[in-house]
Amino acid sequence: MKKLYMCLLAAISVSYHAAAQEPELSNNNAREMDSLQTVVNTLNSRIQSVEQAELDRAIWKNRSKYFNIGYVSQKLTDKTYGGELKSDFGASLSWGKTYYLHKKPLFGMMKFGLDWSWLDINYAKSSLEDFDEDTSETFQSDIHQAEFGMQFGPSVTVNPVHHLKVGAYFRVTPSYSLLYMDETVHHHYVTFCNAGCSVAWKVISLGVEWRWGTAKYEGMTFDESEFDEDSMGDDPSVGDILQNVPDRKFKTNSFRVYLGFRF
């Protein structure tokens, strides 16, 4: 009986000690779980930061250069003698880079930058109906106009979602312009202005652009009379072959639609 009593007392004692240690074990488990959750949250935060940094690099830094090929609709206005010509067709090419002014996007989605197009080429062909005094017949003559220059100006780009970017810009375009018209080559420096907008998804972009400029062109024409039979005995000089013509003022307005590649 005494042995049974001692066994019951021992069992009660063990149960008491186990019950007393249960809260301590629960507290240790809770602390361990909190510590593990903190580690998991920290890792998730670091992973998200790395993923966001890679996405920002892919959206902004890796897509800052552009190469555009466009279709041109152009109007040439003669400010000296009057008249307008609309182009039959035209083409453009530009190549450059956007230099962003700040590292982090404003509001997480917008950046201001400076665009520098190292090369900007614009070409347009028009047709002019002319009259031949000798045959009293009308005929069409081709007019070719081309500009070579570069663009520079501010831009703003918005990245509303993922790799989608919407941009707008204004650029000044110093150019050298050549115009072949009426068997005369007109040429001069022209300061064009360009304003446009574009939508880009990763590599591919689509854009529209307006372009305008005015200048007074110098002209040179080829004097065929220097090669007549009467003058074959003389050696004509360059000054005799190329004759200057009066300056003419032209205004150019262009509308360009282009397909771009960003890299």
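**Strands, pairing and burial in a predicted model**

Guide: The protein chain contains 2 helices and 8 strands. This is a predicted model, in which local features need pLDDT of at least 70, side-chain atom pairs count only at pLDDT 80 or more, and totals for chains, interfaces and linings use all residues. Residues are numbered from 1 along each chain as its sequence is written, and side-chain values use heavy atoms, with hydrogens and water left out.

Visitor: What makes a run of residues a helix or a strand?
Guide: Both are DSSP runs, numbered from the N terminus: helices are H or I with at least four residues, strands are E with at least two. Along the sequence these elements follow the pattern α-β-β-β-β-β-β-β-α-β.

Visitor: Why are β1 and β2 said to pair?
Guide: Pairing requires that DSSP find at least two bridges between two strands. Strand β1 (residues 65–78) and strand β2 (residues 84–100) share 10 bridges in the antiparallel sense, so they pair. Within this pair, N68 stands opposite S94 in β2. The hairpin of β1 and β2 has 5 residues between the strands, and there G82 takes a positive phi near 90 degrees.

Visitor: What makes a residue count as buried, and how much of the protein chain does so?
Guide: Buried means under 20% relative accessible area (1.4 Å probe, protein chains only). Of the 263 residues of the protein chain, 32% fall in that class.

Key: Buried < 20%, exposed > 50% of the residue type's maximum accessible area, 1.4 Å probe, protein only.
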